[in-house]
Amino acid sequence: MVDDWIAVAPKLREVASPLAAGDFDALIAEARPVVMRGLVADWPAVSAAKAGSDALAGLLRGYDGGRPLGLFAGSPAIGGRFFYRDDMAGYNFERGQVLLPALLDALLATATDPTPPALYAGANAADEHFPGWTRDHRLPLPSPAAEATARLWIGNGSRVSAHFDMSDNVAAVVAGRRRVVLFPPDQVGNLYIGPFDATMAGQPTSMVDLERPDHARYPLFRVAQEAAQVADLSPGDAIFIPAMWWHEIRATGPLNVLVNYWWTVGTSDAPFAALVHGILAIRDRPTSERAAFRAWFDHYVFGEGARGAADHLPPSARSVLGPPGPERDARVRGFLRRMLGGS
């Protein structure tokens, strides 16, 4: 039975569109998610979607670049929830590639089927797969969002399990509806995270079925529920999801389309890799050593004065402890290569 807790969860805050540059910069600085109602309501694809699936499919065909799209495909039995198999030895769907006309034909052919197979072509870069899309569908936000790569997600009813992204994200709904359930980053311990190195799409996900939570198996999820917020998005609406916020997305509609824009502030080095290496190098050390390294991390990484921890040294001697920049970053990478060379 579907749990109705999501229906009564607090709604995510909203702002009206259009947004001034300063207003959007302030939203980014807050690092809190927000719904931007009607942000892309004047996009041609949104207008086509309102005319029906056939009209939208016709518009999409006009942007076909002829390159295969990455595809997830699952049987009707999964109900659109792409996830692990029960034995965790694989997934309940198949990965493949599909050309846009074939995908659209399949979605239109099953549009009236109450239990269609689940089809989901996601994160396909517009400039590579949909030439002309970016020209005709400008994101009406200032940089860095407007300069990020537009990526299209096309499918039917689907559910993407709660996960996080390492980048800030603006996601705009073109067709169908999206319900987004969000959790703050500090709820990681209450979401029962799955494997790090065997994931469905890159990032680890929560093992909890949000719509049918098993509280006996995942008791701390009740704490996460208290912190959850929900956003219901219609065609033309958009949402800003800051980096590291957990979010599960349910898409409904026989042909639904979402466009998202990911961007990263600062170095492109993957911080998640540092966490995984910390598990290898620190987590299983004696308690006293872990406490010592906690002090080091607070001093050089997390503390209020971390960026100035080497200010007592002359600039020429700060090396890997210096301020961020191409020269410092190259020194850090070189230092790490030398340290890890024998591992």
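Which residues are linked in a network of salt bridges? Select Arg81, Arg159, Arg179, Asp209, Glu211, Glu248 and Arg250, and that network is on screen. A salt bridge here is a side-chain nitrogen of Lys or Arg within 4 Å of a carboxyl oxygen of Asp or Glu.

Before going further, some notes on the model. It is predicted: local features need pLDDT of at least 70, side-chain atom pairs count only at pLDDT 80 or more, and totals for chains, interfaces and linings use all residues. Residues are numbered from 1 along each chain as its sequence is written, and side-chain values use heavy atoms, with hydrogens and water left out.

**Stop 1: Arg159**

Zoom in on Arg159 and Asp209, whose closest N and O atoms are 2.9 Å apart in a salt bridge. Arg159 sits in strand E8 (residues 158–163) and Asp209 in the loop between E9 and helix H7 (221–227), so the pair ties together parts that are 50 residues apart in sequence. Helices (H or I, at least four residues) and strands (E, at least two) are DSSP runs, numbered from the N terminus.

Arg159 is buried at 3% relative accessibility, and Asp209 is buried at 16%. Buried means under 20% relative accessible area, exposed over 50%, and partly exposed in between (1.4 Å probe, protein chains only).

Glu211 is in the loop between E9 and H7, 52 residues from Arg159. Both Arg159 and Glu211 are buried.

**Stop 2: Arg135 and Asp136**

This pair also forms a salt bridge, 2.9 Å from N to O. Arg135 is exposed at 55% relative accessible area, while Asp136 is partly exposed at 29%.

**Stop 3: Arg318**

Move to the loop between helix H9 (287–302) and helix H10 (326–340), where Arg318 is found. Arg318 is buried yet has no salt bridge; the nearest side chain of opposite charge, Asp311, is 4.1 Å away. A polar atom of the Arg318 side chain does lie 2.8 Å from the backbone oxygen of Leu313.

**Stop 4: Val173**

Select Val173 in strand E9 (residues 168–183). Val173 has 0% relative accessibility and counts as buried. Leaving aside neighbours within four places in sequence, its contacts (heavy atoms within 4.5 Å) include Val40, Val46, Leu233, Pro235 and Val257. Ile239 is 66 residues from Val173 in sequence, and their C-alpha atoms are 8.7 Å apart.

**Last view: the whole chain**

Zoom out to see ten helices and twelve strands. The C-alpha trace spans about 65 × 50 × 40 Å along its principal axes. Buried residues make up 41% of the 343 residues.

Note on methods
Lys and Arg count as positive and Asp and Glu as negative; His and the chain ends are not counted. A polar contact is a pair of N or O atoms within 3.5 Å; within protein, one must be able to donate a hydrogen and the other to accept it, and residues adjacent in sequence count only if both atoms are side-chain atoms.
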